[in-house]
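Dear colleague,

Please find below the structure that I am handing over to you, together with its sequence. My notes on it follow directly after.

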Amino acid sequence: MYVLGIETSCDETGVAIYHAKQGLITHSLYSQVEMHSEYGGVVPELASRDHIRKLIPLIKQSLSDSGLKNADINGIAYTAGPGLMGALLVGAATARSLAWTWGIPAIAVHHMEGHLLAPMLEESPPSFPFVALLISGGHTLLVKVDGVGLYHLLGESLDDAAGEAFDKTAKMLGLGYPGGPKLAKLAEQGKPQVKFPRPMTDRPGLDFSFSGLKTFTLNNFNASDKTEQNKADIAAAFQQAVAETLSIKCKRALQQTGFKRLVVAGGVSANTQIREYLTDMVTKERAQIYYPRLEFCTDNGAMIAYAGCQRLLAGQHQGLEIFARPRWPINEL
Ligand code: KG4
Ligand code: ZN
């Protein structure tokens, strides 16, 4: 079974073809980062219009790259949410219409389920059950995963997502969009001079909060001389605080579930220092850690094709409606 995967929830147009037995056949991505950088963040209307321009050419390219014809595709998976409504509608309407034209099923995929299952595309995928830490621009979730579709939310961010905190902090420090990778680069030049707070680690529970840390960082920055070195030191202190906070919560989640496998996915999982902290922690816990390859940490079509394929194999598919849900809690799956 060949599944075409379509991702358009935010600022990347991602397309992939996954085969149930052969694995990933092809994947391609068009990033809108350059277009949005002029505005310092994602402009939703521009995002939707660009998905319209890029999606069909990427689908055509994916088919020709893999030597497949339209008739070879057995199902279409598309990101139905959460995400930007206009952007989601481009993918949903395109996927639904193509599936109708080709007479094949379409399946709506939850974007965070895509991230969660992305490590399954690697050579040594984790087996179930595992704990998943999903850290992206819009979400920070700790999920107990018993199998495909068997998700129990253990904790989430009560305010800013981890990626959002990186992006907003980067903006404060005068770095461009997207801020996460830029802040991480700057942090390499610095050393934490002050220990920043590790929010919500001094009380039980698995929820997160990054908004106070962001304000702490801003106050620290405002009180500083704003030299390049001070900026780098502040970036390093902020990043270290996020890394340690995530590591403390993941350790708790592993201990609480008794699981020995941790999956870390979503854009922020590309961060080297966060990986180092989590790797150290799982080693001490005698557990294993799994990441997607770097290009599948951030948004992509491959994870959507994979998740959709698993759901189609389980006999699920969508009706004829164009299904898009900008807010879609993962525990409703
Ligand atoms: O998963 P993703 O591509 O999109 C969403 O689903 O939101 O994640 C994007 C987020 C952005 O906030 C970006 O700044 C952050 O991931 N990010 C990073 C790094 N690479 C991407 N944050 C910290 N360090 C990085 N190396
Ligand atoms: Zn994402």
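I begin with Arg286, which is located in the loop between helix H9 (272–284) and S10. Please bear in mind throughout that the model is predicted. Although Arg286 is not a glycine, its phi is positive, at about 55°. With a relative accessibility of 74%, Arg286 counts as exposed.

Met200 also has a positive phi without being a glycine, in this case of about 60°. Met200 belongs to the loop between H6 and helix H7 (211–222). Is Met200 buried or exposed? Its relative accessibility is 14%, so Met200 counts as buried because the limit for that class is under 20%.

One joins Gly81 and Pro82, with omega at about -10°, and Pro82 sits in the loop between S4 and H3. Another joins Tyr177 and Pro178, where omega is about -10°; Pro178 is found in the loop between helix H5 (162–172) and helix H6 (179–187).

Metal site

Which residues supply the protein donors of the zinc ion (ligand 2)? They are His111 through NE2, His115 through NE2 and Asp299 through OD, lying 2.0 Å from the ion. Along the sequence these donor residues follow the spacing H-x3-H-x183-D. His115 is part of helix H4 (residues 111–117), while Asp299 is in the loop between strand S10 (288–290) and helix H10 (302–313), so this pair ties together parts that are 184 residues apart in sequence. His115 is buried, at a relative accessible area of 0%, and Asp299 counts as buried at 13%.

Strands

Strand S4 (residues 75–81) is mostly covered, with seven of its seven residues buried. S4 pairs with S1 in the parallel sense over four bridges, and Val3 has Gly75 in S4 as a bridge partner. S4 also pairs with strand S5 (residues 106–110), again in the parallel sense, over five bridges; here Ala77 stands opposite Ile107 in S5. Five of the five residues of S5 are buried, so the strand is largely enclosed by the rest of the structure. Both faces of S5 are covered: Ala106, Ala108 and His110 are buried on one side, and Ile107 and Val109 on the other.

Helix H2

Helix H2 (residues 44–65) has 22 residues, which should span 32 Å at 1.5 Å a residue; the end C-alpha atoms are 30 Å apart, in agreement with that value. The buried residues of H2 include Ala47, Asp50, His51, Leu55 and Leu58. Among the elements that cover the buried residues of H2 are strand S1 (2–7), strand S2 (12–19), strand S3 (23–31), helix H1 (33–37) and helix H3 (85–102). Just after H2, Gly67 adopts a positive phi of about 65°.

Cysteines

How many disulfides does the model contain? The count is zero. Cys297 is in no disulfide, and the nearest cysteine sulfur, that of Cys250, is 14 Å away, whereas the cut-off for a disulfide is 2.5 Å. Cys297 counts as buried at 0% relative accessibility, and Cys309 is buried with a relative accessible area of 0%.

With kind regards

Notes. Residues numbered from 1 in each chain as written. Chains lettered and ligands numbered in written order. Predicted model: local features only at pLDDT ≥ 70, side-chain atom pairs only at ≥ 80, totals over all residues. Heavy atoms only, no water. Donors = N, O, S within 2.8 Å, 3.2 Å for Na, K, Ca; no water. Helix = DSSP H or I, 4+ residues; strand = E, 2+ residues; numbered from the N terminus. Buried < 20%, exposed > 50% of the residue type's maximum accessible area, 1.4 Å probe, protein only. Expected span 1.5 Å × (residues − 1). Contact = heavy atoms within 4.5 Å. Pairing = 2+ DSSP bridges.
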